[in-house]
Amino acid sequence: MGKFVIIIGTQWGDEGKGKVVDLLTERAAAVARFQGGHNAGHTLVIGGKKTVLSLIPSGILREQVRCFIGNGVVLSLEALFSESAMLIDQGVPVFERLRISPNCPLILPSHVLLDQARERARGLNAIGTTGRGIGPAYEDKVARRALRVADLFQRDRFAAQLGEVLDFHNFVLQNYYKAPVVDFQKTLDTQLSMAERLAPLITDVTLALSQLRGTDANVLFEGAQGAMLDVDHGTYPFVTSSNTTAGFAGTGTGLGPRAFDAVLGIVKAYTTRVGAGPFPTELFDEYGEHLSRVGHEFGSVTGRRRRCGWFDSVMLRQAVRLNSLTEVALTKLDVLDTFESVKICVAYEADGVRYDYPPYHQSVLHRVTPVYEELPGWLTDLSQVTSPAEMPSAARDYVDILTEQIGVPVRMVGVGPEREQFVSFAAR
């Protein structure tokens, strides 16, 4: 029997999930995206060529891999076909490999305008969304007014539902935000014009995955963002609009919890965050600048500079608890190569209280002080390392201490951006 493995980001996103998924698909039959939308940014570097995916699963570059977009994903048709065109230009037969659930909610132009208008209205209190309509689309889903992929093929019903939704959206845009409104006919024509191209891609994703479960197939379930951006368990309200934790892999594809065999957490060797929200280990000095510059810490979707800080074991222990992690892939260890010493946050303190897990009250989290353990750096270029034995002892010690702190084994360590630049620790 093959394995059904959930791939989860364990920090605030940007951990390198796309690279890990792409690497693991060498032995996989399928990859399924189960939440988020085209606000994700999964970067793959193969043979020196960089490919950035926002919506299409990271297995799309593998010839033998079937790719699925599950019902938990909110779908922008414009983004789908734009990203597909980029890949097709590179010689990737996207439409032969990709299939989409008919139950995916659609992202409309009005969702994008609402998202951007809300961020502007928040001013200095802006959450830092990508402005791509993800939040408003999920809001409509919960409110049971969303248009879904399947509705595109019932023209009259789609037009009637779209009219009702746009009446509501335009009222809010015009009367509350004083923002431009969306034209009904243009939106209708644009969405319906893409339906014919979309039709061959639609399939019962739940059934397809269930059938794979009955074979010897390995299937990867790919999440977007990171566990600390989960709408229920993250640093609310500075979160995304979906559940980014492992529990949503089943809901977002239509499988039950017993379908899954393992949960692989992707962890960056330091910590980054895009947008607003608490960040206990954030660095505002030359070390933070160094991490940003050497790690190329700019959002692959937004282009925004990521906030950088030391590794946060407290947050990682929370991610372990939330996701039932079975193992970890550590990325970007090479970014720390030139540090004479490195730090790991092992606890928080606030008001004389020590916290080994994030404090329950968010107000406390905003004012905690990190408790650090300082370790010697390795001052060695790791980019050519291919085995743990080749790593300097200080680098191996860093990996061992992280493993001890989070209580989950580190099975692979990234030492560069390329697909092959991973060191396996599976035999330790």
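Pro237 lies in the loop between strand E7 and helix H10 (248-251), where helices (H or I, at least four residues) and strands (E, at least two) are DSSP runs numbered from the N terminus. The peptide bond that leads from Tyr236 to Pro237 is cis, with omega near 5 degrees.

This is a predicted model, in which local features need pLDDT of at least 70 and side-chain atom pairs count only at pLDDT 80 or more, while totals for chains, interfaces and linings use all residues. Residues are numbered from 1 along each chain as its sequence is written, and side-chain values use heavy atoms, with hydrogens and water left out.

**The whole protein**

The secondary structure comes to 14 helices and 17 strands. The radius of gyration, taken over C-alpha atoms, can be set against a globule rule of 2.2 Å times the number of residues to the power 0.38; for 428 residues a compact globule would have a value near 22 Å, and the protein agrees, because its own value is 22 Å.

**Strand E2 and its partners**

In strand E2 (residues 30-33), Ala30 and Ala32 point one way and Val31 and Arg33 the other way, and all are buried. Two strands pair if DSSP finds at least two bridges between them. E2 runs parallel to strand E5 (residues 66-69), to which four bridges join it, and the bridge partner of Ala32 in E5 is Phe68. E2 also pairs in the parallel sense with strand E7 (residues 219-222), again over four bridges, and there Ala30 has Val219 as its bridge partner.

**Two residues with positive phi**

Neither residue in the table is a glycine, although each has a positive phi.

| Residue | Phi | Loop |
|---|---|---|
| Lys178 | about 55 degrees | between H6 and helix H7 (184-193) |
| His296 | about 50 degrees | between helix H11 (286-294) and strand E10 (307-309) |

Lys178 counts as exposed because its relative accessibility is 66%, and His296 is exposed as well, with a relative accessible area of 61%.

Conventions. Buried < 20%, exposed > 50% of the residue type's maximum accessible area, 1.4 Å probe, protein only.
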